[in-house]
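Hi everyone, thanks for coming.

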Amino acid sequence: MRPRKKPNLVPRLNRCAPVIIPFPEDTSQIPALKGQIRSAFPNPDAPLHLEIGCGKGQFICELAARNPDINFLAIEREKNVAVVAAEHAMKRDIKNVRFLLCDADFLPQFIEKGELAQIYINFCDPWHKKRQFKRRLTYRVRLLMYQTLLADDGELWFKTDNYNLFHFSVYEFQEAMPPYFITRDLHSSEYAQDNIVTEYEAYFSGLGQPIYSIRAKKAAASNG
């Protein structure tokens, strides 16, 4: 279901220009962003982390606030959702987070190979129908693509409340990017203390739904 259109969307996005990286409407111009992403941050030499599908921004803004020496790039294809995340960052005056309003399929066109230190995928669309499996963000072809964008020893962290997506993702990770951590209950795991809760996570956890998680690291010897 598409998010409800926000009133005054365009002026609201315009007010958030300091934290939004302009994304070309002409897709042939997207490669011009390559090598330019870091220049959008006050400290372009800091490590770069990416969240794919940031939603309303609770996770990425809190993560950025806790880690001022890291740059955080968040992509979100739904403008009506992204504007809330950008406004959140502006209100908190978070300097080290930027937003791109685009689809994850464009990533290789504007992110350099080995440019990312970490990737986060939180509560993405499970694409329930079997014939839709290639659309899932944890499909093995996508995982292999993410690996090319990660630096050696870079990590990919995944969270979901959907068991079927989790079950699917375990096999996809094992084929493409073997995980070092798999859990059916993140909130009872050794990583619970430092876990930053997303909007969806708070809601589903409050209903008693377990949170599933997978973490993997790119091998230092990989050629990406």
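Predicted model: local features only at pLDDT ≥ 70, side-chain atom pairs only at ≥ 80, totals over all residues.

Is Thr138 buried or exposed? Its relative accessible area is 0%, and that is under the 20% cut-off, so Thr138 is buried. You'll find Thr138 in the loop between β4, residues 116-122, and α5. What is Thr138 in contact with, if we leave aside its neighbours within four places in sequence? The list is Leu143, Phe158, Leu165, Phe168, Ser169, Glu172 and Phe173.

Some of those names come back when we look at helix α6, which runs from residue 163 to residue 176. Among the buried residues of α6 are Leu165, Phe168, Ser169, Glu172 and Phe173, and the list also includes Phe166, Val170 and Ala176. What do these buried residues pack against? They pack against α5 (140-149), β5 (150-160), β6 (179-183) and β7 (212-217).

Now, how do helices sit against each other? Two packed helices are described by the angle between their axes and the distance between the axes. For α5 and α6, the axes come within 9 Å and cross at roughly 50°. That makes α5 and α6 oblique to each other, and α5 passes α6 in a right-handed crossing. Which residues meet there? From α5 we have Arg140, Leu143, Leu144 and Gln147, and from α6 we have Glu172, Phe173, Glu175 and Ala176. Sorted by class, that contact has four nonpolar, one polar and three charged residues.

Okay, on to another pair: α2, residues 58-66, and α3, residues 79-92. Their axes are 9 Å apart, and the packing angle is about 30°. The crossing of α2 past α3 is right-handed. On the α2 side, Gln58, Cys61, Glu62 and Ala65 take part, and they meet Ala85, His88, Ala89 and Arg92 of α3. By class, this contact of α2 with α3 has four nonpolar, two polar and two charged residues.

Let's zoom in on one of those residues, Gln58, which is found in helix α2. Gln58 has a relative accessible area of 31%, so it is partly exposed. Apart from neighbours within four places in sequence, Gln58 is in contact with His88, Val197, Thr198 and Glu199. Gln58 and His88 are 30 residues apart along the chain, and their C-alpha atoms are separated by 7.8 Å.

What about α3 itself? α3 has 14 residues and reaches 20 Å from its first C-alpha to its last, close to the 20 Å expected at 1.5 Å a residue. Its buried residues are Asn80, Val81, Ala82, Val83, Ala85, Ala86 and Ala89. Those pack against α1 (9-15), α2 and β3 (97-100).

And what follows α3? That would be Asp93, whose phi is positive, near 55°. Why point that out? Because most residues other than glycine have a negative phi.

Phe123 has a relative accessible area of 10%, so it counts as buried. Trp127 lies in the loop between β4 and α5 too, and its phi is near 45°, again a positive value. At 18% relative accessibility, Trp127 also counts as buried.

To finish, let's go to Asp45, in the loop between α1 and β1 (48-52). Buried or exposed? Asp45 is exposed, because its relative accessible area is 72%.

Notes. Residues numbered from 1 in each chain as written. Heavy atoms only, no water. Axes fitted to C-alpha atoms, helices over the stretch in contact; angles between N-to-C directions. Helix = DSSP H or I, 4+ residues; strand = E, 2+ residues; numbered from the N terminus. Left-handed = near helix turned anticlockwise from the far one by under 90°. Contact = heavy atoms within 4.5 Å. Nonpolar A, V, L, I, M, F, W, Y, C, P; charged D, E, K, R; others polar. Expected span 1.5 Å × (residues − 1). Buried < 20%, exposed > 50% of the residue type's maximum accessible area, 1.4 Å probe, protein only. Parallel < 35°, antiparallel > 145°, perpendicular 65-115°, else oblique.
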